[in-house]
Amino acid sequence: MKKLLFLIVFVPMLALSQNNETALLTVSQITVKQGHNAQYIEGVKKWKECYLENNGENNWNVWRRLQGEGNVYVLSGLMENWAKMDKEDPANKECYTTVLNFIMPHVEKTHFNIAETMPEISRAFSEDTKLVWNTFYKVKNTADFMEIINAVTGAIKAKEGSYRATWFSYMGGAPDTPDYMVSTPYKGYADLDISRDSPAKVYENAAGKKKTDEMRAKWRAAVEKSWSYIYSLNTELSN
């Protein structure tokens with residue numbers, strides 16, 4: 001797991017665009033030991049400094065989870081395809097002792113996942129994103145779930161001219177791994193105060209109350225559970 005944490009998660013970052021090409025999102029969730037947050041941050045800074053000094057070419061984002069138990073960080077990157085995992089990263093190898101000595105002693109646990117982008121229902125990447133509101137779904141009926149998502153996101157795009165968020169489909173994982181994630185970007189916390197119609201309301205305005213009530217019933221039957229967190233971007237630790 002120690003090798004996985006810093007040799008797989010840091011992969012070339014791509015700008016998400018509205019085309020039909022999918023990409024793979026790598027996600028490492030890291031829970032920092034109680035009282036070790038400052039040491040963990042300093043360790044990541046040391047690793048980043050070492051990586052750049054050794055002419056490392058890869059990019060990544062580091063996010064801190066706002067809600068929930070403990071200090072949780074998420075390290076994310078995008079790669080074009082699975083073959084990118086076969087590529088050697090000499091700078092990463094040069095700095096691996098930094099991971100062992102200055103990062104891992106402060107880590108309680110890690111959880112690694114891979115998800116595929118869904119560009120056909122997703123917005124373009126925003127360079128000025130500082131926060132994301134990520135909602136995760138565990139589903140019981142994929143066909144009904146996607147039928148609803150396509151209908152609602154289509155209504156949003158028809159009204160507003162673009163999609164609001166980026167969708168991902170998870171590729172395998174543990175029993176508690178979500179099946180889908182939707183990530184809504186924000187420029188800052190003040191954007192959360194902006195009031196706008198919910199996706200369900202946008203759909204209701206477009207399709208009518210009867211169809212919306214039918215959709216809600218189908219939704220309740222299709223979704224096993226959902227949960228969400230807000231994550232803030234740490235630009236100092238990202239690259």
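**Figure 1. How the chain folds back on itself.** Of the contacts in the protein with a separation of 6 or more, 83% are between residues 24 or more positions apart; a contact here means heavy atoms within 4.5 Å. Keep in mind that this is a predicted model, where local features need pLDDT of at least 70, side-chain atom pairs count only at pLDDT 80 or more, and totals for chains, interfaces and linings use all residues. Residues are numbered from 1 along each chain as its sequence is written, and side-chain values use heavy atoms, leaving out hydrogens and water.

Figure 2. Along its principal axes, the C-alpha trace spans about 60 × 35 × 35 Å.

Figure 3. Buried residues make up 45% of the 239 residues. Buried means under 20% relative accessible area, exposed means over 50%, and partly exposed is in between (1.4 Å probe, protein chains only). The protein exposes about 12600 Å², with carbon and sulfur atoms supplying 49% of it; these areas come from the Shrake-Rupley method with a 1.4 Å probe. As for charges, the mean positions of the 29 positive and 29 negative ones are 5 Å apart. Lys and Arg count as positive, Asp and Glu as negative, and His and the chain ends are not counted. Each charge is placed at NZ of Lys, CZ of Arg, CG of Asp or CD of Glu.

**Figure 4. How confident is the predictor, and where does pLDDT stay under 50?** The mean pLDDT is 90, and 92% of the residues reach 70 or more. This score is the predictor's confidence in each residue, from 0 to 100. Over residues 1-18, pLDDT stays under 50, and the model has 62 contacts beyond four places in sequence for this stretch.

Figure 5. Asp-144 counts as partly exposed because its relative accessibility is 22%, while Ile-149, at 6%, counts as buried. Leaving aside residues up to four places away in sequence, Asp-144 touches Lys-218 and Ala-222, and Ile-149 touches Ile-121, Trp-167 and Trp-219. Asp-144 and Val-223 are 79 residues apart in sequence, yet their C-alpha atoms are 9.2 Å apart.

**Figure 6. Ile-41 in helix α2.** Buried or exposed? With 17% relative accessibility, Ile-41 counts as buried. This residue is found in helix α2 and touches Tyr-73 and Leu-237, not counting residues up to four places away in sequence. From C-alpha to C-alpha, Ile-41 is 8.2 Å from Ile-103, and the two are 62 residues apart in sequence.

**Figure 7. Asn-55 in a loop.** Look for Asn-55 in the loop between α2 (37-53) and β2 (61-65). Its phi is positive, about 60°, although Asn-55 is not a glycine. Asn-55 is exposed, with a relative accessible area of 62%.

How values were computed. Helix = DSSP H or I, 4+ residues; strand = E, 2+ residues; numbered from the N terminus.
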